[in-house]
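Hi,

Here is the structure you wanted to look at. Have it open while you read, and my notes on its pockets follow below.

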Amino acid sequence: MPSLPELGIYFSLLLFIIGLFGVMLRKNLIFMMLSVEIMLNAANLAFISASSMTHTMDGQVIMFFVMAVAACEAGVGLALIISLYRAKSSVEIDDLRILRG
Amino acid sequence: MQEQTLLTLIVLLPLLGALINAFVLRFANVGVVCTVATFVVALPFVFSLMLFFGSVSEGTAVTVDLFNWISVPLINGKEFNIPFALTADRLSGIFLLVITGVGSLIHLYSGEYMVHEKNPYRFFVYLNLFIVSMLLLVLGSNMLVTFLGWEGVGVCSYLLIGYWYEDKDNSMAAIKAFIANRVGDAGFLIAMFLCYMLFKTINYSELAAIIAASPQTFLADHSIQITLIGLCLLLGVAGKSAQIPLYTWLPDAMAGPTPVSALIHAATMVTSGIYLMNRVSYMLVLSPTVMTTIAIVGAATAILSATIGFAQTDIKKVLAYSTCSQLGYMVLACGVGAFQYGVSHVVTHAFFKACLFLGAGSVIHAMHHEQDIRKMGGLLKKMPITSVTFIIATLAIIGFPGFSGFFSKDAILAAAWSGPFGNPIFWFVGWITAGFTAFYMLRLTWLVFFGTCRAEHPEHIHETNIVITLPLVLLAALSILGGLIAIPEVFTGKTDFITQFLSPVLGQAQSVMNAAGFHGVHLSHTMEFGLMGASVLIVLVGALFAISVYKNGPQGGDKFAKAFGPIYHLVRDKWRVDEFYELILIRPLAKFGRILHSFIDKTIIEGVVNGIPETLYTGTSVASDAQTGMARNYLKFIFISVFIFGLILFI
């Protein structure tokens, strides 16, 4: 039976894969953002597990930074989605190809 | 100096005429164009006369060295030089007169014949260029200048046969003539190279001097090379002079305008083979094999094309086959060692054949482009001048006593029996051919000019104007008088004119033949009269037979067609030689070409050429997938690259 921090690492891997597939397979921008949040949380979980395994505080400090950045990202991201929806009447990612090369 | 200038002008004037017509008078009317074109050939004719009756007929050759044409330094420190030099001696003098004389008459005639053409200037430019090439051919003092003219006449012949290039048949005929000539030209080229290898020169006078210095050496030690050179030259001659195996282009060449048939395919270009054989006669006589081959080719062509003449119904085709046949006589004359009689027949033939062709042109013109002799008849009353001149020329070509063809042909027949390489068999073939010629020529004349008119609108047919009839009358007069140059010894008691006249040129060949022991047999006067009588007899038989068969029109021949069934069809289809060539040469070559096309071209060459851009295209299309603008694609790349990067990092 692995220890609790080890279980946290495995769980964070699972969460990250779920988030990654969510980003890759979803077409709706909002769901894609949700999946990105899941991936960020997976990363946070990995930081915390690692810091409890090494008995240091570094991981937990970084986690706070990540949460702050994630909150900003969610705010800016949602604002972008709203203005995109105003311009194109859609939040489907396949419709938004205006930067195509 | 004076004569050198004349000689240069003779070549330059027609060239100038061609340039003026091509660039200045493009849109002038036919009268102006024709006047210029005729003038630049008629003036050289006057110059040729001056030159001819000046020093050339005295026996002095006039040479002019225009410029150094080709100059290549060789490895051994020497230099390979080909000067662009012209020489007029007695042999080229005769050809000079025929080319410019008959040429200017035909230019004059063309002015009327081509009057309804849209762009007549094109026709006259080609004609003038042809005259330039032909003059270079006979005046060149080395083989390369001759070859330049030799190719030039080929090109002009191609352009003129295909003058009405919008018609596919005409274009095909032009291509056929061009290709058959190329085959012959390859022979001439190889002969020229071999000549340079063996003698280290291709200048005619130097060649003659080298051979004259030691004929025995070349007879004994170099017989294989000499034979090879001779046979390659013969191939060239066969191409230009329409001999077996390359004769099939000449009848098809009749697709061109009639003045072209008269000038190129009867009077001048096709005789260049005879000129060449005379020019290098001292070399040909070194090899009995070559001489016999030449004689056989000539005799075979003479009789084969005469038989084809029996069943042709196109007035120009009959004349074309008769040209092949008469050229066969000339080649036979050269082959048996009587080169000068080849030349005399060239001269008389130029007169009467040009007259026949121009007469045929006059008939075709009057009949509104009808060429089928079965639809003619009774033209004697409607077109008296054309008819009488045509009949005179016919009598000349069949060798009717007193006309020019009689003397020149009789000289050849006598030489075929008694010449240094002669043989009674050659005489016999020539004799039979004379009968055949009389038959098909009288068939032609009778169907066209006698009997009842079978045209649809006989009332429209009338004599053409003076521009057409004047050349006819002049040529008919020459067809009677031209024989004077070959009146045999038996009538005058002295050697005939042409033999005497050409002896400075042909003496070399004569002395080689004497040295090698080829003397020929001496014909007694009784024998000679006997041969002459036999010729006259067979000519009369042939002629009367033709008249009796065709006296009621073309259906007279149907009885023969029935009686000879398969043979008649074979003759009418020209012995199916074209089909034979098609089967053994053209189709395999075409098939080979298709294999090359599908394998080498498509697979290898196009594979490489198309393969490079295709690979690049595939590569770039993969790269351009990274630029779709689809977020999920970008993610895919990010994920894959991170995965790969991770693998690299951890393994």
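Let's start with the second largest pocket: H23(B) gives the largest share of its lining, 6 residues. (Helices are DSSP runs of H or I with at least four residues, strands are E runs of at least two, and both are numbered from the N terminus. A pocket is an open set of points on a 1 Å grid over the protein atoms alone, where a 1.4 Å probe fits, with protein on both sides within 12 Å along at least five of seven lines; lining residues have an atom within 4 Å of a point.)

This is a predicted model, where local features need pLDDT of at least 70, side-chain atom pairs count only at pLDDT 80 or more, and totals for chains, interfaces and linings use all residues. Residues are numbered from 1 along each chain as its sequence is written, chains are lettered from A and ligands numbered from 1 in the order written, and side-chain values use heavy atoms, without hydrogens and water.

Back to that second largest pocket: its volume is about 730 Å³ (the space filled by probe spheres set on the points, which are joined across faces, edges and corners). It has 30 lining residues, with Gln340(B), Tyr341(B), Ser418(B), Glu489(B) and Asp496(B) closest to its centre.

The largest pocket comes to about 1,100 Å³. Its lining has 35 residues, and among those nearest its centre are Met172(B) and Lys176(B). H6(B) supplies the largest share, 9 residues. Where does it lie? Between domain 2 (184-572) and domain 3 (578-650) of chain B, because both give residues to the lining; the domain bounds come from an automatic or database assignment.

Cheers
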